[in-house]
Amino acid sequence: MAFSSVSALFLQILVVVSLIHVSLAGRKLNELVEDQPNLLKYHKGPLLSGKISINLIWYGKFKPSQRAIISDFVQSLYPSKSQTTPSVSSWWKTTEKYYQLTSKKQYSLHLTMGKQILDENYSLGKSLTSPQIVKLASKGDQMNAINVVLTASDVVVDGFCSSRCGTHGSSTSTSKIAHLKGKSYKFAYIWVGNSEVQCPGQCAWPFHQPIYGPQSAPLVAPNNDVGLDGMVINLASLLAGTATNPFGNGYFQGPAEAPLEAASACPGVYAKGAYPGYAGNLLMDSTTGASYNAHGANGRKYLLPAMFDPTISACSTLV
């Protein structure tokens, strides 16, 4: 996610937490009026590859039904014969095109659902810094993993709402296994906040009226939870960025500390016909009136951002 305050934030993180790469590449807060880029450049670094588990670290109070919305989304990333099209897995399949274009075509990525870790007692308080997000992410596996920190609606995080909806980055493993092997391993992490109380007009659009830009009626959230459905959109965008630019030298456009990536390069676009303030011609649930563009596990429906297709140098949508 690109924004003006990123440089100062990035320097602070470098000073406080060494050997950490942070990419502020989630959804832009000005995504309603942002133009689409022409090309994402490959910077010759590695893409995330191998069998990678996605560990969910829940910080604060979340209902079991809310946790299920996210965990079902993660499980939907891998193809299943039972999934109805258009599906979450077909959306994710666009990331494979990035791997096919690299010189190391043996790269492949297989994501699986990992552990779920609950921190319901706010072990670090209700106001978190970026280094504390990394500390929470370290609770998950530190090898072959993406550790996703999900903060509750009453948790304040540096820069949340004012300049970002989430982040992704990487950190050096401090696990005993890595120490015993005498090797240095990196693990990827993501942070996404629940914006329902603090800034739904910024980080949960189009399920809430935007705070600026073209005004249109908010859409009905497919899982009947504005905060969590908004988190899915941000998590999806950051997962795509993590896969294709995990260490800051993969696919991106612009400065490395504030890049546009696979999904953040297509701000505000969710379906064909999208324009500033209008998400596009989405599917609608005939019973609930909810808008969506992807089917997921356990009968779920989700709204996912457009992804930049590097083979055609354009944003690609499911519908």
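Which residues touch the most other members of the largest nonpolar core?

A: Phe 73 and Ile 146 do, in a core of 70 residues. A nonpolar core is a set of buried Ala, Val, Leu, Ile, Met, Phe, Trp, Tyr and Cys residues joined through side-chain atoms within 4.5 Å. Buried means under 20% relative accessible area, exposed over 50%, partly exposed in between (1.4 Å probe, protein chains only). Helix H8 (residues 226-244) gives the most to this core: nine residues. Helices (H or I, at least four residues) and strands (E, at least two) are DSSP runs, numbered from the N terminus.

This is a predicted model: local features need pLDDT of at least 70, side-chain atom pairs count only at pLDDT 80 or more, and totals for chains, interfaces and linings use all residues. Residues are numbered from 1 along each chain as its sequence is written, and side-chain values use heavy atoms, with hydrogens and water left out.

Now take Ile 146. Contact means heavy atoms within 4.5 Å. Neighbours within four places in sequence aside, the contacts of Ile 146 include Leu 48, Ile 52, Leu 111, Ala 188, Ile 190 and Leu 239. Ser 53, Asn 55 and Thr 242 are also among them.

A second, separate core has 10 residues. Ala 221, Ala 271, Ala 279 and Leu 282 are among its members.

In soluble globular proteins, nonpolar side chains tend to be buried together.

Helix H5 (residues 130-137) also has buried positions: Ser 130, Ile 133, Val 134, Leu 136 and Ala 137. They lie on the same side of H5, because they cover an arc of only 160° around the axis. That arc is taken from the directions from the helix axis to the C-beta atoms.
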